[in-house]
Structure formats: C-alpha cells, structure tokens
Amino acid sequence: MIRAVWSLARHRLAGRAGATLLLVAAVAAATGLTGTIRALGLAATDTAIASALHRLDPAERTIRISGYAPSAADAVGLDGAARAAAGAVTSFAGDAAAGAIFRRVRDPGTVYDLQLVAVDGAAAWTTLSEGRPPNPCDGRACEAILLAVGPAPLDLPSVVHVGGLEIRIVGRATMSSPIPIGHVDQRGPQPPPEDPTAQVVDPPPTLLLVDGVQAAAAADGASAIGRTYLWTAALRGETLHPWTVPPFEDALASARRGIAEERPALSLASPSEVLRVELARGATNNGRLLLVGSLGVAILAVFAGYAALLTRRDLRAELDRLAASGAGRWAAGWLVAFEVIVPTAAGTIAGWIIAAGAAGLLFTGAGTDPGGVAAHALGDPDSLVVAGIVIGVAMIAILAGLLGAANRGTLAGLLPGGLALAGLVAWRVVGGGGLDAAAVGGIVDAPILAAIPALVGLAVAAVALAIVPVVLRRLARASRQWAMPIRLAVLSLARDPVRPAATITLLAFGIGGLVFGIADAATLRRGLADQAAFEVGLDFRVSEAASGLTHSGTVVPIERYETLGPDVDAYPVVHVLAGAGPAGEVTLLGLPPAALSAMRGWRDDLGTDPATLQRAIEVDGTFVVPGVQLPAEATTIEVTVTHAGDPVHLTAVVVTSGGDAARIFLGTLRPGSETLGAPLPTEARGGRVIAVILSEARLIAGADHGAGLARATLTFEGLDAITGAAPVEVQVSGVRSAILRAPLPTDDLVLPAIAGPAIADAARAAPGGMLTVMLGDRALARIRVVGVLPRFPGLPEAGSAYLVVSLDPLLMAMDGAAPGAGRPDEAWLRVDDPTRHETVEEALTAPPFRSAAVRSRTALEFAAASDPFAGSILAAFAAASIAGLLLAALGLVLGTMADLRDETGELRDMEAQGVGPRALRRQVGARTAVLAVAGTVAGTVMGVGLTLVVTAAVGVAADGRRPIPALVPELPLAQLAAAVVVPTLAAAALGALAAWRSFRTSTRSRDRA
C-alpha cells in the first residue's frame, strides 16, 4: 500500500511541479536563512575577537607568568614551575621568554638610580644605538647595555655597581619588543627635580640590561636584591576563535592550578577578559539575530503554508477519491505525509547547502576562519537542533495549509498557544524588567526573543480568522448599492474566507517583516549617531599635551583654534573631579553657556530646551583673577619677605596672558628679611602673580608628617594686592600648604548648575538648597541646581553624577582653591560643513597644537557602524526586509493567480451569464485591492509594533553594547511608504496583467466557439 501511495504522491508532485517547487523554495529559504543567520553571528564574533586581539598592545597580547622574589632563593624552582605552566597553553601561544626586573638601587659613585633588567638573548629583543651587545652574564661581573632613547649623560660612569655586582656598560639600545619585560621607561638617566615642592613622580631609573636571567638572578652581588620574574609567551591570534576560546580558558585554568600547587607566589595574566567581553557581545548579537531569523523563518513558514493552501482543494479531491476506492485512513495519512515530507526534505537539503556556501563567504577578513565558521555554524549540535525546529515549523505550516480550515475551531486552537506565549513575553519584559542587554542571547531570553514573532504571527492569524469572515459578511450585506465589480469581489471573498484570511496573514507577515527590518535598522543607525554625538558633545573633542609651564594637559591659549577657519566654533571646557558631600564624587563640567545650544548630542527626550538651560546657568560679570602685574621686560621674579618662625618653602603662581600658569619655586624662607628670586620661564614673562604658596620645609617623616605644623609670620613687600600690607600668620604641614591670594568674586558666589538626578536630590536636601563641592580638602564652589537632566552630552562616563556650570566663574573658583589650576583641559569644536571635518582633524595634528588627541563624532560613528556585530545585525535586517518585500509581492500575485484559476467555477458562471471581460477583470482587481489594503495595514501595524516592543524590551545598540543614550524608535516614514507601496503596486500591476491576459484568452476562445 505504501508503495502505491508513494507512486501516487510522486505523480501528483510531478504533475504540480510549479507548486511543489514553490514549497521546496520556501523551505529552502527558511532553513538557508537559519543557517546563514547562525553563520553570520559566528563570523561576526570571530571577526570581533580577531579585531580585539589586534587592538591590544603587544605586551597584553600575551600569556604572562610573573612573581616577586625578595632574593635569589628558589630561582630555579620558580623557573621550572613557570615553564611547566606555560607548556599547558602551547597550543595557543609561542615559547615563553624569561625576564627579570630588579628593584632600583643607588651606586654611591653616581647621582642616578640604577635598575637591573635581565633577559635571555638580549640581542634578539633590542635595537642597538651605540657600542655592542653585552656578553652573557657569568654571575660575577656582567656587561650591560643602557636602555635609553637618548645619549648617556657625561657623568654616568662606564662601570657601576648594582648591590655588590659590578656592571660594565658596553652600549646603548632600546627594547624592540615588550615580550620579555613589558613596557619600561626608557627615557634614560634623569636627575632629581630641583624644586622640592614639585608634585611629580620620581624620575625613571637608569635601566641596565644584562644577558642571562638565571645568571643575573643568582649573582652574589645581586642575590639580596628583590626582583620580579617574568615569563611571557606571545599569543597566536590565528588559534583563537569563538569555538576555541573554551579550550583556551580550560588550558589557562590548568596552568593556574599548576602554579598554585607548585609556586603560589606566581600569577598568570592573559587577555581572557577581552575574549569574554567579545563573547558576551557575540551572545547578545546572536540573540538579536535569533529575533530577526525567527521572524524570517515565520514569514517563510507562513508562505509555505499559503503555497500549500493554494492546492488544498486538489488534495481534498484526491483524498475523497481514495476514500471512494476503499482506501483507509492510513493511505490518506501516508499521502498527506509524503506531500509534506518530500518538499520539506528537498528544501532542507537545498537550504543547508545554500547556507554552507554563504557561511564560507561571510567575514573572510584577516584573522577569521571561513571553513571553521561554516563547520561550527552548520555542524554543531545546537545548529542541528535549530534546523530541526525550523523543519518542524515548516512541516506544520505546510500541513496546516493543506488541511486547515478557517473557522472558530481553528481560532480556539490558536488561542491557548498565543496566550501562553503572551504570558511568557509579558513575564520577562514587564515582570522581569526587560530583556537584559547583556543576556539577550542567554538561555532564558533567547527562546523568548524567538517566540516574539511567533506570538505576533499567532495574533495576526487569530485576528484574521476571527475578524475577516465577519467583516466580509457585513461588507457583502452592505455592498448592494456598490459598483458591480466591487460588490462581486466582496461577495466572492465572503463565500470563501479561508484564502482571504490566509492572504492577509501572509501579507501581514511580509509587510511586517519589511517594516520591522527598515524601522529597526533605522533605529540602530540613529542609535550609532546618537551615541557618537553624545560621547563627543559637538563634532570634535580635543585635548592637548602640557604647555611646558605645567605638567597637566591644557588647550590654552584658546585663540590658536581661530586658525582652523571662521566656520569652526571652538568652546573651551574644563572637567573637575570634585566631592559633593553625601552625593559622593561628581564630575564638574565648566563650559561657555553658548555651547549648550550648539550641542550635537542634544535629543528631545532630554527634556528641557538647551536655550532655556543656557540662560539659566549664565552668570553676569567679568572673571579675571586679580594679581600683581610683572614688567614685560622682567626675566626674573623676586619677592622680598620678612619671616619669623619655622622654615617654609615659597612658591609664586604666575598666570600668562594666554591663560596658562606656572608655579615658580623661589626658595626656602628662614628667620629674617631676605629677597628670594628665580628665573621667569619665557612664556611667563609679562604675566601676573596671582598667589603665593607656602609649604613645609622641614624634613618630617612618620606619623608626624601630616600632624606636625610649621608656624610662621610673614610680611611681604610689593604684593599688597595679594597678601596685604600687614603681617600674615600661616600654618602648614606635610600634607597641607597655605595659599595667599586676593579675595575673588566667586568666594561668595552661588553658581547655577545643571545636575543629574542624584546630585539634584542631594542639593535639595542641603541647607538652603545649596550644595558645596570640594576640590580635595578645599571648598571649590557653592552650587544651586537650576536644571535636571538624566544624562548630559559629552559626559557618558559620568552617568548622572555630574554638574554643569558656566566656564569662567568655575575657572576662577579653581584658581581660588588651587592657584594656577583654572585652565580649560579640552576644546569642543563644532564644524557645520561635513566636508571640512577631515581637513580640520588633519590641521589639529600639526602646530600650533601640541600632540592633540582628537575624538571625532563622525569617526566614532563610522567605527561603530564598522563593528562586525553592527554589520551582522544590519545585514540581517536587510535580509528580513528583502524577504518581506519579495514574499509580500509574491503572495499577492499568487493569490491573484489562484483566483484566476477559478477553482470554484464562479468566474466561469459569471462569464456564462454574460458578464464581460472588463467586468471580470475589475472584479479580480477589486478583490486583489481589498486584500492588498487589508494586508498592508495589518503588516504595517505588525512591523511598527515589533519595532516598538523590541526597542523598548531589548534596547541593545548595533554594536552589541548598552547604548548611551538609550535607543529611541525611528520610523522613516518616506522610506517605509515607498517600501510598502512600491511592491504592492507592482504586485497589483502583475495581477492586473495576468487578469487581462486570462480573460482576453478566454473571450477569444468563446468567440471561436
């Protein structure tokens, strides 16, 4: 019996080759899309891992085992344990290179600190500048090369002593690789600072590199010197892929267990965190791709069911003939099974082959493995399970199309599944607080994401089955006064509501996928633009190196930015990390109020209009710090002081006309009257003395360093504007200096500020609604909140812990708390002409700008758009849009063709009753138009709804990170209208052409008869 039924099914499938191929194509598209989406996600993660490793510093792209030892004891044991641990990761890294860095020491014969560095095979890791490479160290006396970018100072002897080990310097070189010892300061020997009050780190030691780690470690003269041992192996990036990261982590865990058991003093470092970040982004991206892929599969499954529905009457007739011939239910079941399984199996095989070919072509850039991507995307168990689910969905859709019926029983069958899915989504999205961006691809969220299109589909199908028949019956009753073609079309639809409901469902899915793909892609693109604008604030953020007068970066003089052109608006800004009492640490931003209206990162959902906030934070007045003007011709600065009490250091703060500042150490004051002086830096000549700073001059160590107070009474001559004419009593300690300056307008001023919500709450709770912010242990300013924003453009790292005030009074307040600190540290630029961006950025890299670091809004946006995860999701949305476009149009055309086949004989009856070809064509056209309008409306609602739900519930940026600011739905109306109307009109035109040809042929045949 089975053979006979198979023969019948084979002949039926061959006889309806067009319909069969349509089913095969639908299933192939569904399975191919599934495999391609899987490969797309895996390839994006593979590319992201390769890119992340490439961006790492070479010193970080390593496996590094390190440990400190106070002496030469156990050097051999540590080396053996480290090399054994490194052997556990040889599949992913090269051989480990050994190195050692000894604690700095001082040779009495030189003023420089000395630090011994040892590697094995020094010539392989260095670039020689002078002399020759050192011979291997023998442990008694070693040769070394000086690691320095510049020539050795003349007072550095050729023979030095590190502990009791004699070191002969035979050359000068620089490290050519960070592998053995990492990055070390190779500026060369540096003398100690002359200014005892200078707040700078100790100068770098004189680095001496010897050849031979174990020999240097065991040398008698250096055996008691503490040292850090390093064993470093460079990672082989080509071995790390999403599917090899787990075994890599297992190998690292094994290595860590080994050294923990053998030598607990050792530790192992690797770029595991970087890999975990990219894998987490990959999981998030896979969750989003699952959403898009499940929507595509749902569209294709509905199309497969619709294609099967078009042959439903043919199968019904065949089943009736089998029953009449005495065949039982088993024969009917086998026939239906064959008609479902054969196209499904053929489509699955074809789709998987297509996916394999597509997987090999995706993201074939440097560092990726196309073959591995294809194999793991299509051959791993998870992929096979997903493929099985897709095959099952396709089979159910085809079976439903072949046997289904549009009635209340079907609707009752859809409701339980729809309600269950709706409850699941509601629990996770509403009750669970949304789909977390970091777990979109997780075990809980991923199935829910995949269920969202199914839920929408069940809702659309249920609505279509419940509403379409009722609406058509009512339209049929109300159509008596309508034009004949329209009335006949409505009556025709009302008599057989199965196909209209199915057609509307298919159109809703197709148009819905099209609208969702376009709208969500536009949302993500806008998110990329918003993130870049929010991070930069304007078009460029520029920071520069220190000017030479101070050690911190500054953008003064700001007038240099005028050289960029009249179309460039430059706004100086300053960032201050301040304390805000109970609110904790806060980022205080000072900027010209006019910059608010120029912001690129301002968005409507921020609330308050920027012009309103601009007016609110403006402070009237001129804010120039008072001081004593120095003669323009003066090359030195001198201060006469009468001093009584403990010795104190005296430092003058001079500001320049360009806004820079210099702290000039004048000397140490001791009892009596004396004049202290120092040369003026060229840039500070003609400047103004705005303050003098007095600091502890006694050498106090231990617990009394901060508690022991130095007391002095000082009388200054010629600095009355700063110190006054009367004697001044000061108290200083090792941790707190005394500042003498003139009163400032900002001392009693309350600055209006824009604040984040938490800071605003703290200000409201403060006495008088004013919050005092501190710079270190000194009061900086009092703040009154005049505007509250959840976030502020240009401060993504601050979150809501920020305050924004007017620039000029803040700079003066900073000079009051820390004289000389009131200088802008960044310049924000607005350039309205996009074609000028590249020219401006290039100009910023040359004088008069000092080693400018530039963050460009357009560059950040481009970099985010070029991220492999962004590329993958946007490509998936493009595929969903194309699938929706094609299937919506094809579904409408197929529905029209099915009508023209006239399976019910209705059109033939009308033609026999004398209805002409034109009227028949109008009826078919009207029927198609009604379905097109209904399906387009339903699809548009579905697509917009999906966009709103996904944006609100998932809210992941295109690059897989949490967006700052949050995504907002973007509905490009013109693009959506064109995308919906054009295919609908094209399909309607094809249907009209087919109707014209059909009835034209029919009429000619009747005339011949």
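Q: So two strands pair if DSSP finds at least two bridges between them. With that settled, how many bridges join strand β5 to β8?

A: Five, and the two strands run antiparallel. Keep in mind that this is a predicted model. β5 covers residues 126-131, and Glu-130 has Arg-172 as its bridge partner in β8.

Q: Which way does β6 run against β8, parallel or antiparallel?

A: Parallel, with seven bridges joining β6 (residues 141-147) to β8. Arg-172 turns up here too, as the bridge partner of Leu-146.

Q: And how many bridges does β7 make with β8?

A: Four, in the antiparallel sense, with β7 spanning residues 159-162.

Q: How many residues of β8 are buried?

A: Eight of the eleven, so strand β8 (residues 165-175) is mostly covered.

Q: Let's go to the core. Which residues touch the most other members of the largest nonpolar core?

A: Ile-167, Leu-208, Tyr-229 and Trp-231, out of 57 residues in that core. As a rule, nonpolar side chains in soluble globular proteins tend to be buried together.

Q: What does Ile-167 touch, not counting residues up to four places away in sequence?

A: Leu-116, Cys-142, Ala-144, Ser-158, Val-159, Val-160, Val-162, Leu-208 and Val-210. There's also a second, separate core of 43 residues, including Ala-298, Leu-300, Ala-958 and Leu-967.

Q: Which side chain does Glu-143 join in a polar contact?

A: That of Arg-132, at 2.6 Å. The Glu-143 side chain also reaches the backbone nitrogen of Asn-135, at 2.9 Å.

Q: Leaving aside neighbours within four places in sequence, which residues is Glu-143 in contact with?

A: Arg-132, Pro-133, Pro-134, Asn-135, Arg-168, Val-170, Leu-209 and Val-210.

Q: New topic: in what order do the four strands of the open sheet come?

A: β19-β16-β21-β22, with antiparallel pairing. β19 (672-679) and β22 (728-732) stand at the edges with a single partner strand each, so each has one side left without a neighbour in the sheet. On average, neighbouring strands of this sheet are turned by 40° against each other, ignoring direction.

Q: How many bridges join β16 to β21?

A: Six, between residues 636-645 of β16 and residues 710-717 of β21. As one example, Ala-644 stands opposite Thr-713 in β21.

Q: Last one, on helices. Which residues of α17 are buried?

A: Pro-610, Leu-613, Gln-614 and Ile-617, in a helix that runs over residues 610-617. Looking down the axis of α17, these buried residues fall within an arc of 105°, so they line one face of the helix.

Q: And what covers the buried residues of α17?

A: The cover includes helix α16 (595-598) and strands β24 (750-755), β26 (778-788) and β27 (802-806).

Definitions and conventions: Residues numbered from 1 in each chain as written. Predicted model: local features only at pLDDT ≥ 70, side-chain atom pairs only at ≥ 80, totals over all residues. Heavy atoms only, no water. Axes fitted to C-alpha atoms, helices over the stretch in contact; angles between N-to-C directions. Buried < 20%, exposed > 50% of the residue type's maximum accessible area, 1.4 Å probe, protein only. Arc of directions from axis to C-beta. Contact = heavy atoms within 4.5 Å. Core = buried A, V, L, I, M, F, W, Y, C linked by side-chain atoms within 4.5 Å. Polar contact = N/O pair within 3.5 Å; in protein donor to acceptor, adjacent residues only side chain to side chain.
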